[in-house]
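Please walk through this chain with me, from its confidence to its links and its cores. Keep the viewer open beside the text.

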Amino acid sequence: MRKIAVALSAAMLLGVLGSAHAAPATVWEDEAGDADAAQGLGGSIPGGFDLVSGALARNKANLDFTVTVAEMPPGGTLPEGFRFLWAFAVGSTSYRITAKSADIGKPDVLAQNGIERVGKVDPQGHFRLEGDCKAGDTIGVVQPINCQPLAYVTGTFDAASSSFTVSVPMKLIKAKKGSVISAGSGDATGICTICWVSHTAERSHSDTIIDTAVMTAKFKIK
């Protein structure tokens, strides 16, 4: 009887661990080699901007967003003047993540909250969760999308696998077991749903898109 109890306990533990460490599920794919070389980058695209796929996975109390690109420079280093955006929704509420391999805090002259990181530098990666996105007034040909920073989260760039991962605590996005993660909507997608963009002073618009993708599958947290 004791052996049976031990076996059952082990099986239950494995079940708990399995639910907390779900295998990544691919939720979007993009053709390699289709990045736009016309966005002020000359005739070729530096490695790191050509999107290939995106996956979601539960990692204990976090939700991991993993993005794979066609190639990545050694060490995962990319210029500070570029950022990755992924708009997603938990139920009916949209959020956005921003990822950069390096970041220099500077004012955003078009955003109301553009001074919260002035003077701060993230040389090893910058990962931000945003929400409450709203379109501002059009200035020339640019319509700014102002998203409020909700949290600065953890993440890593992995040159060996040509990928990077942003880890978002589920409590920050009010997600739990059974919650469904889908493509973002509304102003959170004002620039794109998923894309790499070039930017100046944290400002981007649709004309600065280098490569873009669309989330085609939903992810249910187990």
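Helices (H or I, at least four residues) and strands (E, at least two) are DSSP runs, numbered from the N terminus. This is a predicted model, in which local features need pLDDT of at least 70 and side-chain atom pairs count only at pLDDT 80 or more, while totals for chains, interfaces and linings use all residues. Residues are numbered from 1 along each chain as its sequence is written, and side-chain values use heavy atoms, with hydrogens and water left out.

Start with confidence. Here pLDDT is the predictor's confidence in each residue, from 0 to 100. Its mean over the chain is 82. Of the residues, 76% reach 70 or more.

Next, two backbone positions. Lys-60 sits in the loop between E2 and strand E3 (62-69). Its phi is near 60°, a positive value in a residue other than glycine. With a relative accessible area of 52%, Lys-60 is exposed. Asp-132 also has a positive phi, near 50°, and is not a glycine. This residue belongs to strand E8. At 46% relative accessibility, Asp-132 is partly exposed.

Strand E2 (residues 51-59) holds Ser-53. Is Ser-53 buried or exposed? Its relative accessibility is 16%, so Ser-53 counts as buried. What is Ser-53 in contact with, leaving aside neighbours within four places in sequence? The partners are Thr-26, Trp-28, Glu-29, Thr-66, Val-67 and Thr-68.

Now the sulfur links. A disulfide is a covalent bond between the sulfur atoms of two cysteines. The rule used here asks for a pair of cysteine sulfur atoms within 2.5 Å. By that rule there are two disulfides. In sequence order of the bonded cysteines, the pairing is 1-2, 3-4.

Cys-133 is joined to Cys-147, S to S 2.0 Å. The torsion about their S-S bond is about 115°, so this disulfide is right-handed. Cys-133 lies in strand E8 (residues 126-135) and Cys-147 in strand E9 (residues 145-152), so the pair ties together parts that are 14 residues apart in sequence. Both cysteines, Cys-133 and Cys-147, are buried.

The other disulfide links Cys-192 and Cys-195, with sulfur atoms 1.9 Å apart. The angle about the S-S bond is -70°, and the link of Cys-192 and Cys-195 is left-handed. Cys-192 is buried at a relative accessible area of 7%. Cys-195 is buried too, at 0% relative accessibility.

Finally, the cores. In soluble globular proteins, nonpolar side chains tend to be buried together. A nonpolar core is a set of buried Ala, Val, Leu, Ile, Met, Phe, Trp, Tyr and Cys residues joined through side-chain atoms within 4.5 Å. The largest such core has 39 residues. Which of them touch the most other members? They are Trp-28, Phe-84, Trp-86, Phe-88 and Trp-196. Strand E4 (residues 82-90) gives the most to this core, with five residues. A second, separate core has 11 residues, including Leu-85, Ile-145, Cys-147 and Val-197. Trp-28 of the largest core is also one of the contacts of Ser-53. Cys-147 of the second core is also a partner in the disulfide with Cys-133.

Key. Buried < 20%, exposed > 50% of the residue type's maximum accessible area, 1.4 Å probe, protein only. Contact = heavy atoms within 4.5 Å.
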